Amino acid sequence: MTSDRLRSGHQPLDEVLSGGLPANGISIIMGLPGTGKTIIAQQYTFHNAQADRPAVYFSTMSEPLDKIVRFGQTLNFFDTDAVGQSVFYEDLGQVASRDGLPGVDAHIAAVLRERRPGLVVIDSFKALHALAGDDREFRQSVYQLAGRLTAFPAASLWLGEYGPDEAAVSAEFAVADAI
């Protein structure tokens, strides 16, 4: 990884992205279900995870964490030995069901303090919309999370099943450094 780019480990993709995604920035990976968002996020996860700056992969409420990990294990880049050492998976689904958006925010903050990651993935970020009582609450949550991640610093990948029209109106796109 160069100082300002987050590499995927896939040379053609990194070339298309002028060396990778912005390091220490928020990148949104968007697309319809089944387009490979989770696969590319796991590629970045394993390529960039280090013991002193691990990768933390948060699943939300769109795809069960067990399914993400089980499918990921079939991919060449998946390193079973890294899981629990430099790659950490966290399930936000139960926290979200029990404590809503404030609980999710608190859990992410606690994991950031504990793990001090170099890469944070939230899959699916869009699923968090359903936890907010209204647009104002969601925007406030996005603002706080973006501030926390920017100050940390860590690269962040926020995945979502967004259509092209949603980029103009969804709060997360206002704080993203790359889409």
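This is a predicted model: local features need pLDDT of at least 70, side-chain atom pairs count only at pLDDT 80 or more; totals for chains, interfaces and linings use all residues.
Residues are numbered from 1 along each chain as its sequence is written. Local features need pLDDT of at least 70, side-chain atom pairs count only at pLDDT 80 or more, totals for chains, interfaces and linings use all residues, and side-chain values use heavy atoms, with hydrogens and water left out.

The protein contains six helices and seven strands. Both are DSSP runs, numbered from the N terminus: helices are H or I with at least four residues, strands are E with at least two. Along the sequence the pattern reads β-α-β-β-α-β-α-β-α-β-α-β-α. The radius of gyration is 15 Å, close to the 16 Å of the globule rule for 179 residues, so the protein is as compact as a globular protein of that length. This radius is taken over C-alpha atoms, and the rule is 2.2 Å times the number of residues to the power 0.38. The C-alpha atoms fill a box of roughly 40 × 30 × 30 Å along the principal axes. Of the 179 residues, 51% are buried, meaning under 20% relative accessible area with a 1.4 Å probe, protein chains only.

Five strands build an open sheet with parallel pairing, in the order E3-E7-E6-E4-E5. Two strands pair if DSSP finds at least two bridges between them. Strands E3 (26-30) and E5 (87-91) are the edges, and each pairs on one side only. Neighbouring strands are turned by 15 degrees against each other on average, direction ignored. Axes here are lines fitted to C-alpha atoms, for helices over the stretch in contact; angles run from 0 to 180 degrees between N-to-C directions. Strand E4 (residues 55-59) pairs with E5 over five bridges, in the parallel sense. Phe-58 has Glu-90 in E5 as its bridge partner. Helix H3 (residues 65-72) packs on the sheet and touches E4, E5 and strand E6 (119-123). The direction of H3 makes about 150 degrees with that of E5. Contact means heavy atoms within 4.5 Å.

The largest nonpolar core has 31 residues. Such a core is a set of buried Ala, Val, Leu, Ile, Met, Phe, Trp, Tyr and Cys residues joined through side-chain atoms within 4.5 Å. Ile-122, Phe-125 and Trp-158 have the most contacts inside this core. Elements giving two or more residues to the core include E3, E4, E6 and helix H4 (93-115). H4 supplies the largest share, seven residues. Another core, of 21 residues, lies apart from it; Phe-46 and Ala-82 are among its members.

Conventions
Buried means under 20% relative accessible area, exposed over 50%, partly exposed in between (1.4 Å probe, protein chains only).
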